[in-house]
Amino acid sequence: MKEGIASGSPHVKLSVWDAPDLSRPTFKEATSHKFRETSVGESFGPSWSTHWFKVQLTVPKELAKKDLLELHWDANNEGMVWTEDGNPLQGLTGGGERIEWILPKTFRDGKEHIIYIEMACNGMFGNAPGGDSIQPPDPNKYFQLVKADIVAVNVVARQLYIDMWIIGDAAREFPTDSWEQHKALKVANQVIDAFELGNQDSIIKGRKIAEEYLGKNVSSDKVYKTETTPLVYGIGQCHIDTCWLWPFAETKRKVARSWSNQCDLMDRYPEHRFAVSQAQQYKWLKEYYPYVFDRVKEKVKKGTFQPVGGSWVEHDTNLPSGESLVRQFLYGQRLFESNFGERCRTFWLPDTFGYSSQLPQLCRLAGMTRFFTQKLSWNNINKFPHTTFNWVSLDGSQVICHMAPAETYTAEANFGDVKRSVTQHKSMDQDETSLLVFGKGDGGGGPTWEHMEKLRRCRGMSDTVGLLPRVHMGDSVEDFFDRLEKRVADGLDFVTWYGELYFELHRGTYTTQANNKYNNRKSEILLRDVELLATLASIKTGYKYPKREIDDMWENVLLCQFHDCLPGSSIEMCYDDSDKVASLEFLCNRFANRLDLRRGVRNRRKDPEGSLQKYWG
Ligand SMILES: [Zn+2]
């Protein structure tokens with residue numbers, strides 16, 4: 001798959017600055033330091049430390065005219081590529097998840113070009129021992145830089161590799177008594193027979209043979225522009241747990257890495273649609289990565305990057321008070337509307353541990369008539385019986401709920417995911433369509449070029465030989481629900497589910513991390529009192545209602561209601577953080593220092609009856 005490779009000096013020169021004390025310095029600060037020479041083979045750590053690399057790239061003459069040049073960078077951890085003048089371009093995740101960055105055409109001039117790579121000493125799942133385990137993280141992990149190469153990619157060979165991946169899946173997964181399975185086997189064998197090692201013509205011939213099974217259009221988004229009717233609608237997603245096996249500080253970087261990747265992917269795959277929830281993550285991006293936020297804003301305008309969810313974070317729904325649930329929507333929708341001109345229409349909560357019966361009512365009041373999840377597919381006792389249905393609150397309010405039949409929000413966009421979107425669909429008596437939510441997730445990442453290429457082939461196969469459900473890319477989550485709502489308006493009757501959507505797994509979430517839960521409840525009560533008193537004071541005295549400060553405190557409380565934080569499923573360092581940002585002590589200090597309410601209350605001239613004094617003694 002490689003037509004050439006350049007490693008080491010003079011083509012790839014590396015130097016590094018190690019940030020002290022597990023700090024996460026800015027580009028400006030990092031690049032103001034002196035860098036020391038380093039090379040592939042050196043290890044970097046410990047866990048959670050940050051290392052900034054200056055990468056001096058000179059493309060060798062013999063690679064300058066190749067079709068596609070990539071930098072392959074793998075240290076088995078996460079990284080961000082920055083331009084020489086400080087713009088964050090794209091995230092990297094080692095261990096084969098996403099290790100390539102495409103070199104700009106301007107780098108082919110034979111001269112030296114500089115980029116920086118910010119290395120975070122954690123993997124996609126933090127520093128969990130054994131990969132993604134929920135045991136306490138290993139504090140002393142080191143990461144070896146194993147690859148830093150300029151690679152000329154054999155684009156045709158890469159395309160044939162994906163062709164064979166999907167045809168191979170058809171040969172393995174279609175029923176053995178179907179002609180489609182036999183044909184997949186025959187075509188795959190013909191490609192293998194035609195292949196000669198080192199012979200480019202044989203690769204081109206292989207692709208020609210594969211067309212017989214996949215059709216002629218799988219190398220572009222043209223494959224989706226046919227008159228046929230799809231059943232499965234692909235939506236890119238990168239679930240980023242706002243904290244879980246890593247702290248909030250790392251999430252801020254994960255957001256920038258993951259979302260910049262998606263902006264890049266949209267430039268290369270026009271059919272790409274990417275749905276993103278959690279207002280808090282947008283706020284962080286705007287504050288810390290304005291360059292990426294502007295890219296996101298531009299894609300939102302185009303309709304390819306789609307804000308969904310309407311809430312501040314993807315929160316727990318069982319423990320927060322009713323007022324908190326309302327505030328999740330109020331603060332979330334306010335951010336979406338003020339930044340993107342529109343409120344979300346679909347509540348998006350794929351990974352939360354159960355769903356309170358009040359949600360349809362609150363969704364409706366927040367302007368959302370649709371709800372997406374899939375978590376109940378993880379139930380360990382009862383199979384939830386529906387895929388698309390009306391979910392009804394105690395007061396009779398209802399929303400259309402869809403639970404992706406592929407039973408994941410992190411699908412790898414495989415043949416099997418598309419197939420399961422029909423074989424596991426439980427509401428086909430009413431409507432046979434479904435969402436396929438794909439992309440690397442939990443620790444961020446999102447769709448990769450491989451996901452996009454696989455789905456193109458799945459669609460090509462459906463239109464050429466059939467049998468596989470027809471997948472479509474290019475429609476939004478709202479398009480999907482609009483179609484369902486239209487069918488309902490035309491008389492379709494979905495099955496109705498009344499009350500709570502109880503989740504039969506992840507037990508113990510009411511009794512884990514008691515201090516965190518105590519802080520949440522106390523903060524909710526305190527904020528109610530603060531708002532009441534501040535309102536009274538502003539009416540009865542000259543006190544100015546401290547909206548900005550109260551918003552700030554609410555946002556901290558809402559943040560800590562995240563679905564791995566409040567239920568207690570995060571690592572210890574997340575609770576050290578939540579103790580700081582949403583504890584009673586913290587909020588009281590802010591209350592005293594920043595709201596300055598006491599002074600207003602004590603001003604007897606403005607509050608002659610002392611009507612507020614009783615609250616403060
Ligand atoms: Zn999650």
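I began with S16 and strand S17 (residues 370-373), which pair in the parallel sense over three bridges. I take strands as DSSP runs of E of at least two residues, and helices as runs of H or I of at least four, numbered from the N terminus. I count two strands as paired if DSSP finds at least two bridges between them. Within this pair, Thr346 stands opposite Arg370 of S17.

The model is a predicted one, in which local features need pLDDT of at least 70 and side-chain atom pairs count only at pLDDT 80 or more, while totals for chains, interfaces and linings use all residues. Residue numbers run from 1 along each chain as its sequence is written.

I then looked up the whole sheet. Five strands make an open sheet of mixed pairing, in the order S16-S17-S19-S18-S22. Strand S16 (346-348) and strand S22 (496-498) are at the edges with a single partner strand each, so one side of each has no neighbour in the sheet. From one strand to the next the twist averages 30 degrees (axes are lines fitted to C-alpha atoms, and angles run from 0 to 180 degrees between N-to-C directions).

Next I followed strand S19 (residues 398-403). S17 and S19 run parallel and are joined by four bridges; Phe371 has Cys401 of S19 as its bridge partner. Strand S18 (residues 388-392) pairs with S19 in the antiparallel sense over five bridges, and there Thr388 has His402 as its partner. The hairpin of S18 and S19 has five residues between the strands, and in it Gly396 takes a positive phi near 95 degrees.

Is S19 covered or open? I found six of its six residues buried (20 or more other C-beta atoms within 10 Å of the residue's own, with C-beta atoms placed from the backbone). Gln398, Ile400 and His402 point one way from S19, and Val399, Cys401 and Met403 point the other way.

For the chain as a whole I noted 18 helices and 22 strands. Its C-alpha trace spans about 95 × 70 × 40 Å along the principal axes. Of the 617 residues, 47% count as buried.

Last, I checked confidence. pLDDT, the predictor's confidence in each residue from 0 to 100, has a mean of 94 over the chain, and 95% of the residues reach 70 or more. It stays under 50 over residues 600-605, which have ten contacts beyond four places in sequence (C-beta atoms, placed from the backbone, within 7 Å). Residues 611-617 also stay under 50, with eleven such contacts. Where pLDDT is low, the predicted coordinates should not be read in detail.

Terms used:
Two residues are in contact if their C-beta atoms, placed from the backbone, lie within 7 Å. A residue is buried if 20 or more other C-beta atoms lie within 10 Å of its own, exposed if 12 or fewer, and partly exposed in between; C-beta atoms are placed from the backbone.
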